[in-house]
Amino acid sequence: MNNTTRNIDSDRYDRCIKASKRVRWDIDNDVIRGRTFDRSQKYLPDKLSLVHEFATLFESEKRFVSQIQGRTYANMFGLVERFINAKVLEVGRDHWFGDQVALEALVRFSDEELKHQEMFRRMNQMVGATLPAGYTFDVDPNAVAGAVLSKSTWAVLALTLQIELFTQLHYRQSIEPDGELSELFRDVFLYHWKEESQHAILDELEWRRNDAGLTTDERDRAVDEFIELIGAVDGILQAQAVSDASYFATNCGRAVDVKEVEAIKTAFLKAYRWQYIHSGASHPMFAKVLASLITEDQGKRIQAALASLR
Ligand SMILES: [Fe+2]
Ligand SMILES: [Fe+2]
């Protein structure tokens, strides 16, 4: 890395610190503000919950689906932010005796991610208080973090960048006009994105910095590990789609036959793959950064893996 590149990067870390200070928010005073969730409203916007895919359901049942997905959204972020924060702390180590501006930017990133985990734990409890008993999210964030962090830093940062970028798209979809969408959940998207936008910049900087130290073979293995991580995320989504479809069928207030449960499960899985895999993988910024680091053949391997999850 030459001096000019180093100066430009240092400037980008510095701008992240300034933006982080400017947008800093508090869970109670800014996001929750004494509000609660209301079952007469949707918790996730239609373009995230893919409500049109749940073709056999009545309107009120589609609203219930958005509420179940809202709870799963809180749990999924509680899950991914555990390994993201651990990786940020790990790569921050490289800056201990180097660029103190970069170190500060990553310390703030970590602090914000701890706050987000708390916010999503609160959201899970608050949404849970409005829904029937019996919902389960049977995944241990620490076990998942351990498995994810066993992969190379390149692969983990690739997965992390696409996650932090899709929060922007989720926020955009939440601000579309919809009088039935929960204002509180809207603010969760808004405030989360305000801090995630700095994280996405830092992910890219750290990913490029890591990439610059890899051999061609190491990068090729890292591409395979990234594909394995996407597969692992999909495994979690598949299990949750089964769990959420079964919870819906038990609590929707009418008899749902086996065939319809299967169709509902397929719709949940499609929505979850969109929310947690494809909305990030197809983000223009992710595609641009990824393409600048890999070969055409590696790109084809990633695209083939993504296409198998449709
Ligand atoms: Fe976050
Ligand atoms: Fe983040």
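Two iron ions, ligand 1 and ligand 2, sit 3.4 Å apart, and Glu 113 coordinates both. This is a predicted model, where local features need pLDDT of at least 70, side-chain atom pairs count only at pLDDT 80 or more, and totals for chains, interfaces and linings use all residues. Residues are numbered from 1 along each chain as its sequence is written, chains are lettered from A and ligands numbered from 1 in the order in which they are written, and side-chain values use heavy atoms, with hydrogens and water left out.

**Iron ion (ligand 1)**
- Its protein donors (N, O and S atoms within 2.8 Å of the metal, or 3.2 Å for Na, K and Ca; water is not among the atoms, so sites may look incomplete) are Glu 81 (OE), Glu 113 (OE), His 116 (ND1), His 192 (NE2) and Glu 196 (OE), at 1.9 to 2.3 Å.
- Along the sequence, those donor residues are spaced E-x31-E-x2-H-x75-H-x3-E.
- Distant parts of the chain get linked here: His 116 belongs to helix 5 (residues 100-128) and His 192 to helix 8 (residues 183-212), 76 residues apart; helices are DSSP runs of H or I, at least four residues, numbered from the N terminus.
- His 116 and His 192 are both buried, meaning under 20% relative accessible area (1.4 Å probe, protein chains only).

- Glu 196 and His 199 are about one helical turn apart, because they are three residues apart in helix 8.
- Both Glu 196 and His 199 are buried, too.

Definitions and conventions: Helix = DSSP H or I, 4+ residues; strand = E, 2+ residues; numbered from the N terminus. Buried < 20%, exposed > 50% of the residue type's maximum accessible area, 1.4 Å probe, protein only.
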